[in-house]
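Trainee: Could you take me through this model feature by feature, giving the general idea before the particular case?

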Amino acid sequence: MPIDPLVLTFALGVAARLARSDLRFPEPVYEALSIYLLLAIGLKGGVELSHQPLSHVALPALFAVFAGFALPFILFPALRHVVGLTRTDASSVAAHYGSVSVVTFAIATAYLQQRGIPAESFMPVLLALMEAPGIIAGVILARSGGTAGAPVFREVAANKGIVLLAGGIVIGWIIGSEGYAPLKPLFGDLF
């Protein structure tokens, strides 16, 4: 069985990073790709959510929110005391583990689809739900264990990634498959 080009491209990126290559997307291209990926994943997740009874999604959604919030608190002590990171660095890294990498999610999703490996169609919804709790937990940890007030929640809710993922999900859920059909060549097939 031949090796998948997506896996090889991912491996190239890892190898370039390990070799400390100066290979980078120009910032405007990186920004455009980020916006595209976030919106495409959100739209697809919303369309799939429109086909699901909410009772089918509720338990996995609750678990995703819990995991997104709890993981940073579990990892923080190890990053702080075993690895020796500063409070700010440890909380930042822990928050990243509470949220989910959209690029890794996109690559894993494409890989599973190419292999015909089934996965729940509402996974993009869980991706979106894990973003905010991980960030909120990271902010709480960075503030010396303080609490996160309304300004923190507003900042997290207004975050570009959250707005695009959650907005895409809501739009996809509202328009369903019929409304998504004209967008599919750009946000489905090209993705």
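Mentor: Let us begin with how elements are named: helices (H or I, at least four residues) and strands (E, at least two) are DSSP runs, numbered from the N terminus. The model is predicted, so local features need pLDDT of at least 70 and side-chain atom pairs count only at pLDDT 80 or more, while totals for chains, interfaces and linings use all residues. Residues are numbered from 1 along each chain as its sequence is written, and side-chain values use heavy atoms, with hydrogens and water left out.

Trainee: Which helices supply at least two residues of the lining of the largest pocket?

Mentor: Rolling a probe the size of a water molecule over the atoms shows where empty space is left. A pocket is an open set of points on a 1 Å grid over the protein atoms alone, where a 1.4 Å probe fits and protein lies on both sides within 12 Å along at least five of seven lines; its lining residues have an atom within 4 Å of a point. For the largest pocket, at least two lining residues come from each of α1 (5-18), α2 (27-49), α4 (87-98), α5 (102-115), α6 (123-142) and α8 (160-180). The lining comprises 40 residues, and those nearest the centre of the pocket are Phe25, Tyr30, Ser101, Val103 and Thr104.

Trainee: What is the volume of the space in the largest pocket, and how do the residues of its lining divide by class?

Mentor: A volume is the space filled by probe spheres set on the points, which are joined across faces, edges and corners, and for the largest pocket it comes to about 1900 Å³. In the lining of the largest pocket, 22 residues are nonpolar, 12 polar and six charged, where Ala, Val, Leu, Ile, Met, Phe, Trp, Tyr, Cys and Pro count as nonpolar, Asp, Glu, Lys and Arg as charged, and the others, Gly among them, as polar.

Trainee: Which elements give two or more residues to the lining of the second largest pocket?

Mentor: Those elements are α2, α5 and α6. The second largest pocket has a volume of about 420 Å³ and a lining of 20 residues, with Phe105, Thr109, Ala119, Glu120 and Met123 lying nearest its centre. By class, this second lining holds 14 nonpolar, three polar and three charged residues.

Trainee: At what angle do α6 and α8 pack, and which residues make the contact?

Mentor: Axes are lines fitted to C-alpha atoms, for helices over the stretch in contact, and angles run from 0 to 180 degrees between N-to-C directions. The angle between α6 and α8 is about 145°, and their axes are 10 Å apart. Pro124, Val125, Leu127, Ala128, Glu131 and Ala132 of α6 meet Ile162, Leu165 and Ile169 of α8, contact meaning heavy atoms within 4.5 Å. By class, eight nonpolar residues, no polar ones and one charged residue make up the contact of α6 with α8.

Trainee: Is glutamate 131 buried or exposed?

Mentor: Glutamate 131, which is found in helix α6, counts as buried because its relative accessibility is 12%, the limits being under 20% relative accessible area for buried, over 50% for exposed and in between for partly exposed (1.4 Å probe, protein chains only). With neighbours within four places in sequence left aside, glutamate 131 is in contact with Ser99, Val100, Ile162 and Leu165.

Trainee: Which residues does glycine 68 touch, not counting residues up to four places away in sequence?

Mentor: Glycine 68, in helix α3 (residues 54-82), touches Gly98, Met130, Pro133 and Gly134, and glycine 68 is buried, with a relative accessible area of 0%. Glycine 46, found in helix α2, is likewise buried at 0% relative accessibility, and beyond its neighbours within four places in sequence it is in contact with Ile169, Gly172 and Trp173.

Trainee: What is the phi of arginine 20?

Mentor: Most residues other than glycine have a negative phi. Arginine 20, although not a glycine, has a positive phi of about 60°. Arginine 20 lies in the loop between α1 and α2 and is exposed, with a relative accessible area of 76%. Histidine 51, in the loop between α2 and α3, is partly exposed, with a relative accessible area of 48%.
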